[in-house]
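Open the structure in your viewer and keep the selection panel handy.

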Protein chains: 2
Amino acid sequence: MDFMSALRAAWRERDSLLCVGLDPDPARLPPSLAGKPCAIFEFCCAIVDVTADLVCAFKPQIAYFAACRAEDQLEALIEHIHAQHPGIPVILDAKRGDIGSTAGRYAEEAFARYRADAVTVNPYMGRDSVEPYLAWESKGVILLCRTSNPGGADLQGLALGDGEKLYERVARLVSSSWNASGNCALVVGATFPEELARVRALVGDMPLLVPGIGAQGGDIAATVSAGQTKDGLGLILNSSRAILYAGERKYWDGDFATAARQAALDACAAINACRVSPRLSMLKE
Amino acid sequence: MDFMSALRAAWRERDSLLCVGLDPDPARLPPSLAGKPCAIFEFCCAIVDVTADLVCAFKPQIAYFAACRAEDQLEALIEHIHAQHPGIPVILDAKRGDIGSTAGRYAEEAFARYRADAVTVNPYMGRDSVEPYLAWESKGVILLCRTSNPGGADLQGLALGDGEKLYERVARLVSSSWNASGNCALVVGATFPEELARVRALVGDMPLLVPGIGAQGGDIAATVSAGQTKDGLGLILNSSRAILYAGERKYWDGDFATAARQAALDACAAINACRVSPRLSMLKE
């Protein structure tokens, strides 16, 4: 199934906009896994297995694997998700950006080597740097637009000659031109709900990947209100650290997976309480 | 030695502004290496060994290794350069860009795992996304400014409210603010000499990494004239495919290394013919 269809199916079937980000920090793994040769893989698989019924996507962040020489564990993790939880799309968070011939190699890395369903891409180098990803029409191409970090405004918030902000121009370029095959989405941080609303107004129903809820402090109610589409969908709300490391205080070295599941349940409930009705969850009740 | 010192020493000692880009395309390796388990490593080492006396830097492009599951060959290649050709800085062309905690992992990947002396970084996410790299003060942080591809203008060429172009703002931001530790450089393509001259005017003597000579068709005379500093330095002029695959027509499967050396010699001569005097090469004569 292509990424967009899989995402829409996951939203509806699981009644969830939550994406669990897999950012395994070696310094924060449970002590019970410390020293194991595949500790990163085991940790991430445990998180995946206890949250798979609650999410619309998983998002492994490649830097956490690459810094540890653990590309093989990332391959095995994505293989595990596809095999054990078929239908849940995997977004490889890589934020690559390069010229055509090199971008083709990065697309190969994401889609052929790692078998990701979608990848995050940096738009700074322009349309031809994105085309090698777009050519994989069944895959999702998720372009950075307005990121959740404070410095995101340094460039993205600059006003152009006609008053439009750079991130707004990126949103317009992607939705009106780069998205010819319908496989684009955008990254817009949860930390700036007004800008999320502005992007939503510019791009119609295009999916928005929204980091920044959870550890980064984005307000869930404001985020859902600003970013959801009319049918209460359209958002991939990512939480990484708040779920992965939920067990650090109470359960660490006991049951980190149960703590993660509880954190994911809480996040889902908080998100769904803010979505427009009718929702599948209400129909089911 | 820190990156900036090593670069300046390499410029002067080798009298060269040439950087050889290591972009090993598996479809273009010499037939004599085809099927060998470490073909990429062997090919790149051969290129390195025949051009090391002619270059100011080597620039491996990580996508070509990652797409082939060849991170171990990239590690071994950089180790080979450091061991066999000490003093030549290695620029890891990765163009990463992410928020603070993740950027820290990417910096770890580039500088600790791969032992690169410098890394290319995308500025779209702003200053705090770059700081984890800047904190490695002995390492070079080379920020994308105006790239050599046609689509580079899509964002980088946009005029801001005050008429300044986005790439000019990036050049000013980096030189006036982000470069507090003196370890920054910029990527500016050879395909737009007027914009290269504009950046040079904005950033003083900051080194500029310039892709686009060779296969991408950038004019060497115009590039050197626009980008060199008053002492005929300041540029890292990258050529990848025109050197790596110089042997494809005449020498392929014969002596690809000799062909690559000849292409590098030709590039050096063409570059040096355009540099301002007095140059070390002239003093030596």
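Begin by selecting the interface residues of chain A and of chain B: 100% of those in chain A are also interface residues in chain B, so the copies meet through the same surface. Keep in mind that you are looking at a predicted model. For the complex, the predictor gives an ipTM of 0.94 and a pTM of 0.95. If you colour chain A by confidence, its average pLDDT is 93, and 94% of its residues score at least 70.

**First stop: helices 8 and 9 of chain A**

Select residues 166-178 of chain A for helix 8 and residues 193-203 of chain A for helix 9. Their axes lie 9 Å apart, and the two helices pack at an angle of about 25 degrees. An angle under 35 degrees counts as roughly parallel, and helix 8 of chain A and helix 9 of chain A are therefore described that way. Viewed along the line between them, helix 8 of chain A passes helix 9 of chain A in a right-handed crossing.

Helix 8 of chain A brings A:Y167, A:E168, A:A171, A:R172 and A:S175 to the contact, while helix 9 of chain A brings A:E195, A:R198, A:V199, A:L202 and A:V203. Colour this contact by residue class and you will find 5 nonpolar, 1 polar and 4 charged residues.

**Second stop: helices 8 and 9 of chain B**

Move to residues 166-178 and 193-203 of chain B, where the axes of helix 8 and helix 9 come within 9 Å and cross at roughly 25 degrees. That makes helix 8 of chain B roughly parallel to helix 9 of chain B. Their crossing is right-handed.

**Last stop: helices 9 and 10 of chain B**

Helix 9 of chain B passes helix 10 of chain B in a right-handed crossing.

For the side chains, pick B:P193, B:L196, B:A197 and B:R200 in helix 9 of chain B; they meet B:A222, B:T223, B:A226 and B:G227 in helix 10 of chain B. This contact of helix 9 with helix 10 of chain B divides into 5 nonpolar, 2 polar and 1 charged residues.

Notes: Residues numbered from 1 in each chain as written. Chains lettered and ligands numbered in written order. Predicted model: local features only at pLDDT ≥ 70, side-chain atom pairs only at ≥ 80, totals over all residues. Heavy atoms only, no water. pLDDT = per-residue confidence, 0-100. Contact = heavy atoms within 4.5 Å. Axes fitted to C-alpha atoms, helices over the stretch in contact; angles between N-to-C directions. Helix = DSSP H or I, 4+ residues; strand = E, 2+ residues; numbered from the N terminus. Parallel < 35°, antiparallel > 145°, perpendicular 65-115°, else oblique. Left-handed = near helix turned anticlockwise from the far one by under 90°. Nonpolar A, V, L, I, M, F, W, Y, C, P; charged D, E, K, R; others polar.
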